[in-house]
There are 4 protein chains.
Amino acid sequence: MQDLLREIAEAAAAEADKGNVATYIPELAGIDTGQFGIAVATADGKLFSAGDADVPFSIQSVSKVFALALALGRVGEQIWRRVGREPSGLSFDSVLLLEREKGIPRNPFINAGALVATDTYLASSSPRAALGELLTFIRAAADDEAIHINETVALSEIATAHRNFSLAHYLASFDNLHASVDKVIGTYSHQCAVEMTCRQLAMAGRFLVDAPKMPALVSDERRRRINALMMTCGHYDGSGDFAFRVGMPGKSGVGGGILVISPSRASIAVWSPGLNPYGNSKLGTEAMQTFSHRTGWSVFGVPHRGQPHGG
Amino acid sequence: MQDLLREIAEAAAAEADKGNVATYIPELAGIDTGQFGIAVATADGKLFSAGDADVPFSIQSVSKVFALALALGRVGEQIWRRVGREPSGLSFDSVLLLEREKGIPRNPFINAGALVATDTYLASSSPRAALGELLTFIRAAADDEAIHINETVALSEIATAHRNFSLAHYLASFDNLHASVDKVIGTYSHQCAVEMTCRQLAMAGRFLVDAPKMPALVSDERRRRINALMMTCGHYDGSGDFAFRVGMPGKSGVGGGILVISPSRASIAVWSPGLNPYGNSKLGTEAMQTFSHRTGWSVFGVPHRGQPHGG
Amino acid sequence: MQDLLREIAEAAAAEADKGNVATYIPELAGIDTGQFGIAVATADGKLFSAGDADVPFSIQSVSKVFALALALGRVGEQIWRRVGREPSGLSFDSVLLLEREKGIPRNPFINAGALVATDTYLASSSPRAALGELLTFIRAAADDEAIHINETVALSEIATAHRNFSLAHYLASFDNLHASVDKVIGTYSHQCAVEMTCRQLAMAGRFLVDAPKMPALVSDERRRRINALMMTCGHYDGSGDFAFRVGMPGKSGVGGGILVISPSRASIAVWSPGLNPYGNSKLGTEAMQTFSHRTGWSVFGVPHRGQPHGG
Amino acid sequence: MQDLLREIAEAAAAEADKGNVATYIPELAGIDTGQFGIAVATADGKLFSAGDADVPFSIQSVSKVFALALALGRVGEQIWRRVGREPSGLSFDSVLLLEREKGIPRNPFINAGALVATDTYLASSSPRAALGELLTFIRAAADDEAIHINETVALSEIATAHRNFSLAHYLASFDNLHASVDKVIGTYSHQCAVEMTCRQLAMAGRFLVDAPKMPALVSDERRRRINALMMTCGHYDGSGDFAFRVGMPGKSGVGGGILVISPSRASIAVWSPGLNPYGNSKLGTEAMQTFSHRTGWSVFGVPHRGQPHGG
């Protein structure tokens, strides 16, 4: 595994086209696209990594996975009255289907749906308390008390969050937001600004790995369902392509991070800030395609016993 | 396994709400919704079944899986220039995204995309020759020469296929159909009218199971990718829900059949003609949910070694 | 004319179905739908009225006509870089086409386009100064210094303006709003809360009547063009129907008022707070249909000289 | 008037950018864009013309006006159960709103709505008989028995009418087509292939002019309403712009012809085969803008008595 990761990191370093950094969040616009890190936390408790796996980055939409887990913990399956479970087929901030479906977002991993999840775990708490709970959850998952929120990034996002404000007001116009728009956007923007390294994120993702030694933060059933949602909806209008190429549930963020789960084997984090046209990490997606091919960890073809590849 | 299937068939028989038969294909409208069959063909060569597993039914859109395999065999990955790989988020016969995306259907499992797949394997052949090839493929997969096309159903579909004619002409207006509209619709309607029993369909699905004794009709990589597409796009705008509830790749047809793949373990066919609001078999979907729960075969949480459930 | 108006007012009073009051603006929800007023200010300087023509009402979207005139006065034809001139075919607060057309609203009479017009006349002024200018314009047009803004209604609208906030942030996300969202919504909500009676509104509309004695607040060409926009876009997705039935340019408001222009003859104001399904005054629309039929003032068939009807 | 037309024709000849010919109808693709004709048939029975006013051209969608008049004659206002009266805000062959509105086209001047009108006047007749009736209507309106259908153009259109076939099947799938798709498309394509010169078309349009000596083929009310529809829907997604610039009801065709009505004054036909991006004649639209400006015939500002311009 260590050799594979090193090989992948070297291939990423050699790749000429590193994609383009998201420009709409000023704090992220200046990041060096030459960076690439990868880390794998396995079911039997090992942690492998290569490249810039200790450089902290803004997890952005990867946080939607933690937010959903927290919201499910708060209200359980009730949440599906307020948000759907279907791929949207459209970009992350589209309002088209929101209009068509009367304020019920397609799924919790597009922005509108994530705002509903944030509103759910925020409930009647203060943003500070709710974010405290989110950090507690992530730190417990990662077994790492150092994980924190980058306040500068959070404030930078709020200042330029017109599209999210638009979505939040749209939800509110359909009574699908309980807290105030300002509170929800404030909390959401801080949630997106959680900073982690690949090693931390791989550790934090272990609660979605179905293995005896993993942190048991959600029930078996809920874990499978979050994985299912990551598979069908985790990469916006590039979800089908990621499933096709990589074959594992994953959730990407505009900061260049991707969290990928091999259900019974490992939690994988990859990061490189240059994005492809779908808004997902270009080198990260390519790395995961190689990783999947080499390990045979696609859920769509579990390797034959006795074959050389695999964990 | 045999006990589980019998139990599931009994539960289905006891269920009061059996869904509603599709009315738009006259030949299907009169079918008794009280019927239910299930069959499982395992990686080690066994075949289990229960209920009406020997009653032939019209596979309808389940045929899109075979058509895609055949089209991939004909032109390989070139097909992705003419059809996408993303969930559509819309119903099976919507034109909305087709307009938005200039005649490139979202994926090969909605009707527009399936028409492109049919056009691809039809190529310059006659419809008769192309359908012969399709039957040869299916019979080889199922190891059963008795599988055939129900001509009455095929003609009934052509007579009422306005929506499919509309989609085909739409594709043709963007030069994304090479054969004539009449040929493509004729071939497609016959393809949908292939008749199989659950036992035959479970056998035919084995080419998508990643196991040494299975028929090797497509490459490893292609098999995984077809499974990925079945997971993200196999149930139209109910795909996310099926992944969420069942956690295995599947493809449903309006005739009430569903083909489900447990990648390294088995091919499963379930059939009951009453449909849920998405146009997928109601009892079939419920049966698969129970089956997944009881076997632990969701790809999103492979059962721990030593646990009692599993194949 | 006086007899005709009296007859129309009596017919309105006798009509059983008076439509439904808009409920989303609390201050308007309680209004008595039994009220009906009509007034006609003619090219030769006369003013006729009947019914509740002296009861003040909230002009709401009728204000978009004055806002457009003011914005045109400020930046001239430049405004068409930021807003279109086409009917939207959708409801007044739809975001669908806004997404499709990258933040350029379809026309200045749907809410998104009106926000751009407000932003244009607001420019770098304070909302107070800008609203002062708007009132100056309306008062000059109506020759009536008593016209004012109902502050209670304005504040009530701001408090429930989620959909407008959503549209404004959406515009801002495409850089099609120069002032802050809060300023624009604040100004817009006050603009909608201008209160007038039918007699005042009929007087205020005279600047759109092409006749020698009318107030010359806009150029000939601009007047014609505003009338053209009222014809094609003045009633949201009911614009075609209004043109079909009434045949004169008009602009309706959710407060139940409609301003209608007979280009060389008169400015007509009608008001009744109950709305039809398009969100336009039900009795007001019916009254205008009768009025058009009886006067022969449809622009689509100028009455033959010597015929009995006409002004 | 004669001088004005000559001046306009000279300006058109001098214009460098003549627009682009529609390429999707092979028979039209080769036409010389240097041609320009204009003709005006006035309420008092005069006929003026300039440029290539005697060159026959394919009237294409201008025929929708005659088809609507014929359909209204056949079933009266019942037709509005099958087709709307609202601008679509979308291009002439869009299916988007057709899906949204369950097979009811937005208006009779987009292709889908025109197919419903054709289906209506076709009713249970043979296409030959129905087209005979259409020609009888047009010849009576124009007082010219020489007007005919160009069979070569008609057949060329049928051969490439995939988009129209798609729309027709779509309508049929909602039971909004009574004759067979083939019959409707056949009839519609022949209707579009009616050939006229500007002089003939100006004469034929007189039935929409509200004046004593004009042919009385439709009632007063119906004439006004057809004019209203031409104003709001006559130029597809460029209708608002035409109303804004020209201010008269008009209907354009992809052959480069435009029929414009000055309700009580004249019927005007202009033709130049190069199109603007909306699919309307580029030089024709510009000529009508000049014509409207110079004559003051905009319905949105009837000229003051005593002013120099006007008919």
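Modeller: Start with D:Arg245, which at 32% relative accessibility counts as partly exposed. Keep in mind that this is a predicted model.

Colleague: Which residue of chain C meets the side chain of D:Asp241 in a salt bridge?

Modeller: Across the interface of chain C and chain D, two salt bridges are found. One of them has a distance of 2.4 Å, N to O, and joins D:Asp241 to a residue of chain C. That residue is C:Arg85.

Colleague: What area is buried between chain C and chain D?

Modeller: The contact takes 44 residues from chain C and 44 residues from chain D. In chain C, C:Arg85, C:Phe244 and C:Phe300 lose the most area to chain D, together 22% of what that side buries. Carbon and sulfur atoms give 58% of the buried area, and the total is about 3,600 Å².

Colleague: Which helix of chain C gives the largest share of the side that touches chain D?

Modeller: Ten residue pairs are in polar contact across this interface, both residues at pLDDT 80 or more. Helix 4 (96-100), helix 11 (220-233), helix 12 (239-245) and helix 13 (282-295) of chain C each supply at least two residues of the side that touches chain D. The largest share is eight residues, and it comes from helix 11 of chain C.

Colleague: C:Arg223 forms a salt bridge within chain C; is C:Arg223 buried or exposed?

Modeller: Its partner is C:Asp210, with the closest N and O atoms 2.6 Å apart. The pair links distant parts of the chain, C:Arg223 being in helix 11 and C:Asp210 in the loop between helix 10 (198-204) and helix 11 of chain C, 13 residues apart. C:Asp210 is at 2% relative accessibility and so counts as buried. At 5%, C:Arg223 also counts as buried.

Colleague: Why is one side of strand 3 and of strand 4 of chain D left without a neighbour in the sheet?

Modeller: The sheet is open, with three strands in the order 3-5-4 and antiparallel pairing. Two bridges join strand 3 to strand 5 (residues 194-196) of chain D, and D:Phe57 has D:Met196 as its bridge partner in strand 5. One side of strand 3 (57-58) and of strand 4 (148-149) has no neighbour because each stands at an edge, with a single partner strand.

Colleague: Is A:Gln60, with its positive phi, buried or exposed?

Modeller: Most residues other than glycine have a negative phi. A:Gln60 has a phi near 50 degrees and is found in the loop between strand 3 (57-58) and helix 3 (63-75) of chain A. The cut-off for buried is under 20% relative accessible area. At 3% relative accessibility, A:Gln60 therefore counts as buried.

Colleague: And B:Asp175, with a positive phi of about 60 degrees: buried or exposed?

Modeller: B:Asp175 is found in the loop between helix 8 (162-173) and helix 9 (181-192) of chain B. The cut-off for exposed is over 50%. At 65% relative accessibility, B:Asp175 therefore counts as exposed.

How values were computed. Residues numbered from 1 in each chain as written. Chains lettered and ligands numbered in written order. Predicted model: local features only at pLDDT ≥ 70, side-chain atom pairs only at ≥ 80, totals over all residues. Heavy atoms only, no water. Pairing = 2+ DSSP bridges. Helix = DSSP H or I, 4+ residues; strand = E, 2+ residues; numbered from the N terminus. Contact = heavy atoms within 4.5 Å. Buried area = accessible area lost by both parts, 1.4 Å probe. Salt bridge = Lys/Arg side-chain N within 4 Å of Asp/Glu carboxyl O. Polar contact = N/O pair within 3.5 Å; in protein donor to acceptor, adjacent residues only side chain to side chain. Buried < 20%, exposed > 50% of the residue type's maximum accessible area, 1.4 Å probe, protein only.
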